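Please take me through this structure step by step.

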Amino acid sequence: MRRAAPLPLVLVALALGPAARPAAAQDTTRIDRGVRIGIIYRPGVRPGLVVLPVAAAVPDSVRAIIARDLDYSDRFELITLPGGDSIRLAAPAAPTASAAPASGATAASAGGRTGTKPTSGAAAALGLNYPLYQALGADFAVALAPTKADSTIVTVHDVAAGGVRREFRVHLPPATAPSFRMAVHRVADRILDAALGAAGTAASRVLFVMDGKVYAIDQDGAELLLVSASEHTALSPAWAPDGRHFAYMEFWQGRGRLFIEDLTTAKRSAVAVVGQALDFTPAFSPDAKTLAFSRANEEGTDIYTVNVKDGCCLQRLTVGRFADNLSPVYSPDGQRIAFVSTRAGAPQIYIMAADGTDQQLFAPFDYGVTGASYAPDWSPDGQSVAFHRDVGGTYQVFVLDVRTRAVRQLTSVGRNEDPTWAPDSRHMAFVSDRSGVRQLWIVDVETGRIRALETQGGARLPAWSPRLAETTTSTP
Amino acid sequence: MKRFQLLVLGALVAAAAACGGSKPETAPTPVAAGPDTSGQAAERARQDSLERARQDAARRAAEEADRIAKQRAADSLAAIGRGSEAVRTLFATLIHFDFDKANIHADDAAILDQKVGIMQANSQVTISITGNCDERGSDEYNLALGNRRAVSAKQYMTSHGIDAGRIATASNGKEKPIDSGHNEAAWAKNRNDQFDIVAGGDVLKQP
C-alpha cells in the first residue's frame, strides 16, 4: 500500500510539471500529458530520494541493499522511477555521461565531499537532470558509479539545490566476502549522513533467541547467523558497547550461567560470579567494565553487578526480601540503572543510581489499574525507556519519556514485548505475534511504520547492536 | 534304641553279678562276648546309617531353611523396592499455582505435608524443587517467578521441620512446559513446582 502510493501521485506531478515548474517543461514533453488533476505531489513531510540505476559493473545488489537501507531509515520517501529502472537518466545535453564518471568522480572524491554547487564537478559530468528528478518528487538522488580501481564513487545529489551534496569513494569487498553486506550498509549510513546529517542504523545487527540458541541477523533481515550453539538453552543476549562481544545466559539444570562471547572468534568465557545461582538478564555498563544481572536464589531475585574486566567484585545492588528485582539496564551515561521490581505488588519499572542507591519508581502507574510492566530498554540517546506492559491480558510496548516521565503506548495489535532500541533511538525491534507466529518486528517510533525483521516463528528476546564500526563486524 | 540300651544295661548287671561269685566263671565271658560282639557291630552299623540319615535330614532341613530364608529376603527386598517406588511416585506429585502467583494452594498443602512426611521418614534424602511457569508471562520475569514458586514450597517444608540444607531450589521459567498446548488447561499444568530426589533415594521408607 505504502509502496504503491507514490507512483500514481508522481504521474500526477509529471502531468502538472510544466505549470508548476516551467524549467522542467522540455524534459517532460515526452510523457503523456492527457490527464490533468489539480494536485501537486509532495511526498508528505519526508524528503523524496531516488537511488539511480547503476552501470553493470556495480552489482545491482549494492543498489538494492542501499535503497532498502535508506527506505528502512524511514527518513525518505523512496521514489520509484516510472517505467521501472529503464528510464533514461542522462539528459540529451550530456552525451559524455557514460564515459565521464571514472575520472571526474575520482577527482571529486579526493576532497571527500563537495559543496552544493549547481552543475559543479561530477554532477556536471554525470549530467543529472535535476528538474526531472525534482518533478518526480525527489529531493535527493544517489548515484553509484564504478571506477577502474575496483572502488565505487557514491554521489549524493541535492536535487532541489541542483548540485552535489557530497561525493565519496568506497572500496567494497567482493559480493561473496562475509563482510560485503555490512560494508554496503555502511555506505547507506554515509549517504543518510550526507543527505540529512543524521546517523543511521543500516550498519547494525540484532541478536535474538530461537529454539534456545542465539542468532544474529542484519537489521535488514539478511545474514541470519547462528552465533551460539550448545546443548544448554540460551536466553537474554545483550551487546557489549564494542559491538563485538555479547553476554547471554545459559540454563544449567535450573541454574543460570552467564557467558561473554566474542562474535569474531566465537570463543566464549564464563562470567566469574561467586556461588551457584540462577543468574540471568545480563547488561553491560557503557564503559564495558561492569556487567549488571539478575540473580535468583532463596532470598528471591535481586540485581548484582560484577566487574567483568578484572573478573571480580560481585556487588549486590538491591535487597528485595519479599519482592523480586530484575532486568537491569544502564542509562547511556552509565550513571543510572532502570529495572523491574515487584516491591509494590505487580512488576513495574524502577530506577536507581548505578551503585544501587536512590531507588524509586520510574514509569508511573495506577496501583491496581495499570498492568504489570517488564523488560526496560534505555534508548542510546538517553531520552526514552521502552518496556512492555500488560494491557487486558496481553502485552503492548510503551515508551517512557525520561525527562517528563510521561508514558505512551506504541503498539496495539496482537501481543508485543521485549523492545530493544536501535542505535538511532528512533527505531525499535520487538517481539510480536501479530502475524500469527511470534517473530521480530521493527517499528519507527516517529512514523509508526512497521516491518518484519525476520519471519521465522519462535524468535524472541531481541537485542539491537550499537553502530558497527569497520573493525568489529567481521563475521564469526 | 531305648530298648537296646536297656538290654546292654541288663547284660552289664548280669555280668557284675557273675563277677561277684567265683573267679573260674570269668571264662565264659569271652564266649558270651562272641555273639555279643557280632550283635554290637550290627547295631553300630545300624546306628551309623541312622546317624547318616539323621545328618542328611538335618542338612536338607538346613538347606531348606536357607532357601526359605533367601526367598524371604528376596521377597522382602522386592517389597521394599515396591515401597520405594510408591514413595518416589508420591513424592514426585506436582503442586500448582495461579497465574503470576507463588503462594501455596490450600489443597496443595496436603501434598506438601506428604512430602514432609517422606523426608522425615527418610532422613538421608536431599531434594531439589524447580518452579515452572506458563507461556503467557514475560520470558525473563518468569525466571524470577519460577524461583519464587520453588522457594515458597521450600519455605513451607522447612517451616514443617525439614532442614533447609536438604532442599535446593531452581527455576525453569517458562522454558520447560510439560504441556505444549496453548490453552488454560495446558497453562494450569505448566504452572507448577516439580520435586526431584537428588540423593539418598535408593530405598525409601513409607512415612
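A residue is called buried if 20 or more other C-beta atoms lie within 10 Å of its own, exposed if 12 or fewer, and partly exposed in between, with C-beta atoms placed from the backbone. By that rule, buried residues make up 49% of the 476 residues in chain A. The model is predicted: local features need pLDDT of at least 70, side-chain atom pairs count only at pLDDT 80 or more, and totals for chains, interfaces and linings use all residues. Residues are numbered from 1 along each chain as its sequence is written, while chains are lettered from A and ligands numbered from 1 in the order in which they are written.

Start with chain A. It has 7 helices and 29 strands. These are DSSP runs, numbered from the N terminus: helices are H or I with at least four residues, strands are E with at least two. Chain A splits into domain 1 (48-196) and domain 2 (205-472), with bounds from an automatic or database domain assignment.

How do the domains of chain A meet? Here 7 residues of domain 1 are in contact with 9 residues of domain 2. Contact means that the C-beta atoms of two residues, placed from the backbone, lie within 7 Å. On the domain 1 side, helix H3 (60-72) and helix H7 (180-196) of chain A each supply at least two residues. That side has 2 nonpolar, 1 polar and 4 charged residues. Ala, Val, Leu, Ile, Met, Phe, Trp, Tyr, Cys and Pro count as nonpolar, Asp, Glu, Lys and Arg as charged, and the others, Gly among them, as polar.

Next, a sheet. Five strands of chain A form an open sheet in the order E2-E1-E3-E4-E5, with mixed pairing. Strands pair if DSSP finds at least two bridges between them. Strand E2 (77-78) and strand E5 (163-170) of chain A stand at the edges with a single partner each, so one side of each has no neighbour in the sheet. Strands E3 (140-146) and E4 (152-158) of chain A run antiparallel, joined by 7 bridges. Val142(A) has Val156(A) as its bridge partner in E4(A).

Now turn to chain B. Its side of the interface puts 16 residues in contact with 25 residues of chain A. H4(B) gives the most to that side, with 9 residues. This helix has 21 residues and reaches 31 Å from its first C-alpha to its last, close to the 30 Å expected, which is 1.5 Å times one less than its number of residues. Of its 21 residues, 18 are buried, so H4(B) is largely enclosed by the rest of the structure. Gly161(B) follows H4(B), with a positive phi near 105°.
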